[in-house]
Amino acid sequence: MHDDRKLIEDRLRRVEAERLPAALHRPTGVELNIEAWHAPGEPVPFAEAVEQEYAPFAIGEAWGRPWGTSWFHVTGTVPRGFKGRRLELVVDLGYTGGPGFTCEGLVHNPDGNTVKGVHPMNRSVPLRDGQTKIDFWIEAAANPDVSAGGFTRPTHLGAWDTAGDEPAFTLRQLEVLELDEDVYHLTRDLEVIGQLMVELPAEGARRWELTAAVSDALDVLDPNDVSGTAAVAREKLAGVLASPANASAHRIAAVGHAHIDSAWLWPLRETVRKVARTVSNVVNLSEEHPDLVFAFSSAQQHAWIKEHHPKVWRKLKKAVSDGVIVPVGGMWVESDTNMVGAEAMCRQFVHGKRFFLDEYGIETDEVWLPDSFGYAAGLPQIVQQSATTYFLTQKISWNQVNKFPHHTFWWEGIDGTRVFTHFPSADTYNSDVLGRELAHAARNCQDKAGGNRSLLPFGFGDGGGGPTREMVERIRRTGNLEGSSAVQLGRPDDFFVAAHEEFGDQAQVWSGELYLEMHRGTYTSQARTKQGNRRSEHLLREAEIWCTTAAVRAGARYPYEDLDRLWKRVLLHQFHDILPGSSIAWVHREAEAAYAEIAKELEELITEAIAALAGDGRTKLIFNAAGHERHGIPALGARKAKSGGKIKTGHSARGWTISNGMVTVKINNSGVLTSVVDHASDDDEFDREVLAGPSNLLQLHIDTPNQWDAWDVDSFYRHNVTDVTEVESITEIDNGVRVARTVGESTIVQTITLEPGAEQVDFAIDVDWHERETMLKAGFLLDIHADRSAAETQFGHVFRPTHTNTSWDAAKFEICAHRYLHLGEEGYGVALVNDSTYGHDVRRVDTDAGTATEARLSLLRSPRFPDPDADQGEHQMRYALVVGAGLTDAVRQGLAINVPERTVTGSGDPVAPLVSIDNDDIVVSAVKLADDGSGDVVVRVHQATGARSWGRLDLGFNAKDVVATDLLERPIGGRKPGASPLTEGPKVAVRHGGVDLELRPFQMITLRFER
């Protein structure tokens, strides 16, 4: 009997592979005329395309150089006699890869309205019942399958100028066929039953029952007359399909989805078209299945439709109004969260949620980040302060070592904020609604004690067209089917409300970051993209500060529209395949160009604002936009320039010595630090040696991960290391020395300097990099007994172990930090601060004098996929070793190295800050005018060190009133019209020209002052 069952399963597979597809359509004999026009360069809109000169084109002809566009005009006449029959145009553009990873098409009517997209798994274009005239225009995108060779093999398909000129595709099919609905539905019946039965227990009665039904159906299905016998075969299956699900069945809310990377293995401009195809598909599918629900995230993608496809935009707005398309996520893009700075992370929600509110009147209530590469521990507070309640992710299922222990849980951030989180147990965000996925969702669910439900995002992503009619039919059959999870179409918000009510306080708590045990190389790949992001974040902060100060102090223009536009451009490039450095060359070339343009505009805004504040004259003024006083200049203010002290530099046969009276540095003849002595240590009797061995030691590692070149750093990279100690020259410069080296085909020039009065050693590195599959690190061996590191994240820091006691600890062999990494023992600490580096590693190391702590910055990688020239060329980076540093010092110097002082000439009158705080542990992260144009001043502050803090926020302007707001600058608690959905916030009031603050560890608050 077991053998009989195996025979039946094999028999079913053959019928599904051969007989049913061959019988799915009937020929109609409709003759089609095909003409084509091949765009010479970038895509053009429909109105321009249809005015071109078209030439005859035939099935079997080649078309489309990589990244090119061809337009096909298809015409014909349907003869009488087909009324009441289901006709469709079937299109095969010559697909060579899976949905989203090959050529794609968007079908238009003659009036320019889109009909739907065509993709490898979604090839049909339905005709209206009784339609006699066929007239379609197909915009065909010749997108090459960049990943065809895997994710480690170099390819030059990732840029227009290297991808080649030869046609990449062959038009295989443009044909009007009749869909046989009996065969179509028999196919759906058999696939659902066949997939379910192999997931059930081998000896269970239900499996035998399903197998017997399949056998009966196949017995009556004539392979030579599938169409004529399909209906009777369906009758044999009706009984088992009607058997209801068990009351204890796992409940799945199926939500249509099409995770579309805003750029990845295609450029940004192609994503605009991928989104238009997908939205057109969803609207078309909803005409047949009006209960379809499609979750559509990323306000930027909605905005692209509005800007580039006005006719699709009208369809989109109606679909949102009808509840078919549900905006989700509330972010400008599905960004990276590891590297995005605190204020930029806030603006992701500000601009995303505001777009959905302005365009649709919808307050999104869930974060939708299924694919980002780990989730920073500062994020829950930002989520809450954006008036968002829920969080969804999927990516943690990719962990290489440790299985994440929950699927529905409370996620607690560094400040104690908790957000209700769901992690779909099907382990996919692009489900086909296959039996194995539904069974896996039920078996895999980790939180059955609290509830028994999960969410299932289904549909082809990355421009693959989203949900299909086949997927919806599977959902219909599994909605109440014995042995299966109970699957129902649903809205994400309804799922979260139900899950929240069901789990409630029973849900477990996960505290700290959601660290992805994979894709650690994304902290370092494409260094210029990362540096552009870091620079842009700080220039935007600085522009807002000085433009606000100039508007309040000098009546200058506040550039609302410019700042809005520039913020959105920076937010776009924080997408989780751009900022992490995992996109094709085209994307990163454009990102570098964009950052240069952004910097130019922001520098002009800053220069204009500072000039208005400085006034006329020739006295030198120094403007300090950092968060703390430095060199006698107040934070967010300006003073006359003062002369600095002197630095002593000495040279002997053993090397070089640099000292400023606070710190003495010794450098050997290999250009490596051998000693850093802190003369300002709290110990009055002894100076403190900071180093335990060679430091600022450049090291090279062979970097060939097993699976994902630009994404991964595998732990075995440590097995091969080369210390860079050969030098070409060491020369004395002002305040330090310059070390020049040649490494392979690359050159590295470092400067090591001290500033007068500074308790830190500064390093600048200029690299002309031409190595490949090689990682460059800068290591410091520190005489610090630290069992954990503190790495800056949004509005605070996250602690991570320096040991490998557990597999969870060992998995964090490469970590992310923003501007500082702090290491300390009781009474003493140091910090490594940087201006553009995110990747780090920290570990305990045995030395002759005992255990020490090794901390290294990851400066460069050179992966070969998807960009074979990643990181090649020139780079300039800065970092510093801050001695005797507490966490306050780490915060201060981390911001300072990213916000250089600005020297201008003017009247010489000091510029008082608009706001100042008397506690260095409380940092001003933003000063700006309110986005609504009211002229109110918005100030965001946070507790930066993890200690409960009290402080006084003094105002340099007259304020009538102050309210605490959410991130969208709406009053919390309903004190004014348009109040935030948040109901509780800190109680604040203006007293004697300021506000008294009491902040919990890492708490962030936003204050709106009415002038």
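I started with the largest cavity, which has a volume of about 340 Å³. For the record, I am reading a predicted model, where local features need pLDDT of at least 70, side-chain atom pairs count only at pLDDT 80 or more, and totals for chains, interfaces and linings use all residues. Residues are numbered from 1 along each chain as its sequence is written, and side-chain values use heavy atoms, with hydrogens and water left out.

**Cavities.** I found five cavities of 30 Å³ or more. A cavity here is a set of points, on a 1 Å grid over the protein atoms alone, where a 1.4 Å probe fits but cannot get out, and lining residues have an atom within 4 Å of a point. The volume is the space filled by probe spheres set on the points. I noted 26 lining residues for the largest cavity, with Gly 341, Ala 342, Glu 343, His 538 and Arg 819 nearest its centre. Helix H14 gives the largest share of that lining, four residues (helices are DSSP runs of H or I, at least four residues, and strands are runs of E, at least two). By class I have twelve nonpolar, eight polar and six charged residues in the lining; Asp, Glu, Lys and Arg count as charged, and Gly is among the polar ones.

**His 422.** I placed His 422 in strand S19 (residues 418–422). Is His 422 buried or exposed? His 422 is buried, at a relative accessible area of 0% (buried is under 20%, exposed over 50%, partly exposed in between, with a 1.4 Å probe and protein chains only). Its side chain reaches the backbone oxygen of His 407 at 3.2 Å and the backbone nitrogen of Leu 455 at 3.1 Å.

Most residues other than glycine have a negative phi, and most peptide bonds are trans. The bond from Phe 865 to Pro 866 is cis, with omega near 5 degrees. Ala 387 has a positive phi, near 60 degrees, and is buried at 6% relative accessibility. His 631 also has a positive phi, near 55 degrees, but is exposed, with a relative accessible area of 58%.

Terms used
On a 1 Å grid over the protein atoms alone, a cavity is a set of points where a 1.4 Å probe fits but cannot get out, and a pocket is an open set with protein on both sides within 12 Å along at least five of seven lines; lining residues have an atom within 4 Å of a point. A polar contact is a pair of N or O atoms within 3.5 Å; within protein, one must be able to donate a hydrogen and the other to accept it, and residues adjacent in sequence count only if both atoms are side-chain atoms.
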